[in-house]
Every structure is written in structure tokens, then in C-alpha cells.
Amino acid sequence: MSGTDKTATTRRDLLQAAGVAGAATALLGGLGINPALAAAARSEKPLKAAFSNAGLQATWCAQGKQAAEWWGKLFNVEVTWFDGQLDAVKQRAAIDNMASQKWDFVAIQAFGIGTLTQPVQKMIDAGIPVIDMDTLIAPLDQIKVHSFLAPDNEFMGASVTQALCNAIGGKGKIIMTQGALGHTGAQGRAKGFNTVVKQFPNIEVLDTQPADWDVSKTARLWETYLTKHPQIDAAFFHNDDMALAAYNIMKARNRTNILIGGVDAMPPAIQAVSEGRMFATVRNPSCRIHGGAIVAGVAAVTAGEKSGQGIPKHVITDGPVVTKANAAGMQWMQDHFLI
């Protein structure tokens with residue numbers, strides 16, 4: 001390659017890097033974040049980050065991976081993924097592998113609380129900032145994660161349950177299908193559900209079994225429910241994947257009069273709400289959580305942001321209840337990895 005070609009290539013590379021940095025600055029500035037801080041946060045040298053969430057079979061987790069990689073490109077971060085495979089034992093093996101390597105920062109959504117404490121502590125002891133996403137790795141007073149980015153799961157469970165109870169006129173029969181019982185997010189959603197239904201003495205809770213985020217298990221449970229219960233007025237699911245899996249069973253049994261509420265507001269659920277197959281869902285902001293973990297990690301490395309000082313120990317990342325009225329806007333926000 002000639003000297004002129006090398007110069008042209010270098011100039012193109014510089015312009016491309018500047019363009020990406022400019023996009024990040026403009027985007028964050030539009031979100032109310034100081035553009036100067038946004039520009040300063042982008043690393044001059046590529047950073048290495050390790051991510052893991054509960055399992056890429058779940059659409060929420062798959063979207064989170066896309067968001068982390070997209071935000072990583074904006075901030076010059078190379079993201080390496082360790083899939084949890086919706087299995088606590090398999091995720092533990094993946095995190096043990098992660099902990100044996102060197103990273104600038106890591107971000108983890110645990111499949112279950114207390115399952116990853118030892119390898120995560122090993123990384124913290126090595127000076128690696130660890131961002132906890134969506135569900136507690138361990139209680140915050142027991143492990144010094146850099147920050148915990150999560151929605152208010154009790155609010156999410158309560159808000160959708162309230163919408164369902166109001167829609168059936170405060171009386172009837174309802175079922176809750178839970179996620180994994182060791183997942184602190186699922187625990188919060190169940191608490192929100194129980195808090196609301198206790199206010200409606202004329203609503204009977206028929207069942208609350210967990211399906212562990214597994215659509216096949218959900219389908220089997222709902223085959224049983226529809227056989228056993230001639231009347232079911234509403235159903236609350238701890239995520240949209242399970243809600244839509246159950247809807248398919250309801251449709252096959254001609255029981256589509258059951259009002260369905262979910263959590264996550266993923267694109268298939270937004271479409272289902274728009275079409276009336278689901279009554280409501282609530283946004284668990286996968287993009288905001290995974291993208292926020294990139295921003296938090298980069299700020300920790302490039303700007304020396306400290307846990308509990310520059311960034312709070314716990315960052316609430318709530319999203320709204322999604323109905324037909326706001327479904328289109330919510331989809332646009334997701335398409336651009338903003339919520």
C-alpha cells in the first residue's frame with residue numbers, strides 16, 4: 001500500500017471513529033446527559049467487557065445482548081458473551097470461566113440469587129467493576145458490585161395485576177404463572193401481584209405455579225389449567241414469552257376470553273397488545289439496563305467513576321405499562337435501543 005493510500009485509510013478510520021463518538025454524544029445529549037461527559041466517557045483504546053444474562057432463549061435476554069453490543073460499539077467496547085442458558089448450573093460454569101480471565105468491566109444478570117457469588121467476588125477482588133443487572137447476584141450489603149441496574153419489579157407486577165383486576169370488574173378467577181422462584185425479579189413481581197389481589201375479596205386466585213421462564217413448561221401448565229378450570233377470567237405472567245405461549249394454548253382450546261397480562265413489553269407482546277391478544281404488559285427496559293451497564297462500565301474505567309459516588313449503588317430503570325395507546329411509541333424506543 002502506498003503512503004497516500006495509508007493516509008487516506010487512516011483519515012477514513014479517524015472520521016468513522018469521530019462519527020461514532022459524535023453519534024453517542026448526540027444521543028446521550030438528547031437524553032438529557034451532558035454531551036461533554038458523554039464524549040469524555042468514550043474510551044480511546046478498545047475496552048474488553050464480559051456480559052452474561054439468564055439465557056438467550058428468552059427474548060428479553062436476546063434483546064439485551066443486541067443492546068449491549070450496539071452501545072458497546074458507540075463507546076469502543078468489545079463485548080464477549082457468556083450465555084446463562086436458563087440454567088443456574090450452566091451459568092455458574094460460564095461465570096467461573098469469565099472469572100478466570102481479565103476484563104475492564106463485567107455485567108451480569110443472574111439466573112438465581114446466590115448462585116454466582118464466589119466467582120463474582122473473585123472478579124471484584126481483582127479490581128474489576130461488576131455491574132449487576134435486573135436481578136440480585138447477592139444482597140447488596142453482602143457483595144460490593146459497582147451498581148445494580150434494575151426495574152421496580154414489585155411495581156411491574158402490581159401495575160399489570162391492577163389493570164387486569166380493574167378490567168374484570170374486581171371479581172372473578174385469576175392465575176399467576178411465575179418465573180424462576182430464585183430470581184429476585186420474579187419474587188418482586190409475585191409480591192406486587194399478591195399485594196393487589198388481596199384488595200379484591202371477590203377475586204379468587206386459582207394457581208400460582210412457576211414455569212421458570214420456560215415456554216414449553218408454560219404450555220403444559222396451561223393445558224392442565226384449561227382442562228381443570230371452566231372459568232378463568234384473567235392471567236398474569238411474569239414475562240411475555242410465557243404469556244404468549246399460554247395464549248396459543250388458549251386459542252387452540254377456544255378460550256380467548258381470558259385477559260392476559262405480561263411483563264417485559266417485548267416487540268411480540270407490543271404487537272399482541274395492539275391486536276388485542278394481550279390486554280397489557282409493562283416495560284422491563286432491557287435496552288436501558290444492558291446499555292446502561294455499558295455506560296456505567298465505561299465511566300468506571302475511563303473517568304474513574306466510583307460506586308456510591310458517581311453512580312448510585314442501586315439505579316431504578318422503570319418503564320411504563322404498555323397499552324394500545326402507547327404501544328407504537330414504545331416499539332420505536334426499543335428499535336433504537338433506548339428503553
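This is a predicted model: local features need pLDDT of at least 70, side-chain atom pairs count only at pLDDT 80 or more; totals for chains, interfaces and linings use all residues.
Ala-265 sits in the loop between β9 (259-261) and α10. Its backbone deserves a look as well. Most residues other than glycine have a negative phi. The phi of Ala-265, however, is near 55°, a positive value in a residue other than glycine.

Asn-76 is another case. Phi of Asn-76 is near 65°, again positive in a residue other than glycine. This residue is placed in the loop between α3 and β2 (77-81). Is Asn-76 buried or exposed? Its relative accessible area is 19%, and the cut-off for buried is under 20%, so Asn-76 counts as buried.

Now the overall picture. The protein has 12 helices and 12 strands. Of its 339 residues, 51% are buried. Take the contacts with a separation of 6 or more: 73% of them join residues 24 or more positions apart.

Ala-68 belongs to helix α3 (residues 59-74), and at 0% relative accessibility it is buried. Which residues does Ala-68 contact, leaving aside its neighbours within four places in sequence? They are Phe-51, Val-79, Trp-81, His-290 and Ile-294.

Cys-287 itself is buried, with a relative accessible area of 1%. Cys-61 is buried too, at 3% relative accessibility. How many disulfides are there? The count comes to zero, where a disulfide would need a pair of cysteine sulfur atoms within 2.5 Å.

Next, helix packing. Two packed helices are described by the angle between their axes and the distance between the axes.

The pair to begin with is α6 (residues 153-167) and α7 (residues 184-197). Their axes come within 7 Å and cross at roughly 40°. Angles under 35 degrees count as roughly parallel, and α6 and α7 are therefore oblique to each other. The crossing is right-handed. On the α6 side, the contact includes Asn-153, Met-156 and Thr-161. On the α7 side, Gly-185, Gly-188, Gly-192 and Phe-193 are among the residues involved. By type, the residues of this contact are six nonpolar, eight polar and three charged.

The other pair is α10 (residues 267-275) and α12 (residues 327-335). These helices pack at an angle of about 165°, with their axes 10 Å apart. Why are they described as roughly antiparallel? An angle over 145 degrees counts as roughly antiparallel, so α10 and α12 get that label. Here the crossing is left-handed. Pro-267, Ile-270 and Ser-274 in α10 meet Ala-327, Met-330, Gln-331 and Gln-334 in α12. This contact has four nonpolar residues, three polar and no charged.

Where is His-229 found? It is in the loop between α8 (215-228) and β8 (234-237). At 12% relative accessibility, His-229 counts as buried. Setting aside neighbours within four places in sequence, His-229 is in contact with Ile-175, Leu-206 and Arg-255.

Note on methods. Residues are numbered from 1 along each chain as its sequence is written. Side-chain values use heavy atoms; hydrogens and water are left out. Axes are lines fitted to C-alpha atoms, for helices over the stretch in contact, and angles run from 0 to 180 degrees between N-to-C directions. Helices (H or I, at least four residues) and strands (E, at least two) are DSSP runs, numbered from the N terminus. Angles under 35 degrees count as roughly parallel, over 145 as roughly antiparallel, 65 to 115 as roughly perpendicular and the rest as oblique. A crossing is left-handed if the near helix is turned anticlockwise from the far one by less than a right angle, and right-handed if clockwise. Contact means heavy atoms within 4.5 Å. Ala, Val, Leu, Ile, Met, Phe, Trp, Tyr, Cys and Pro count as nonpolar, Asp, Glu, Lys and Arg as charged, and the others, Gly among them, as polar. Buried means under 20% relative accessible area, exposed over 50%, partly exposed in between (1.4 Å probe, protein chains only).
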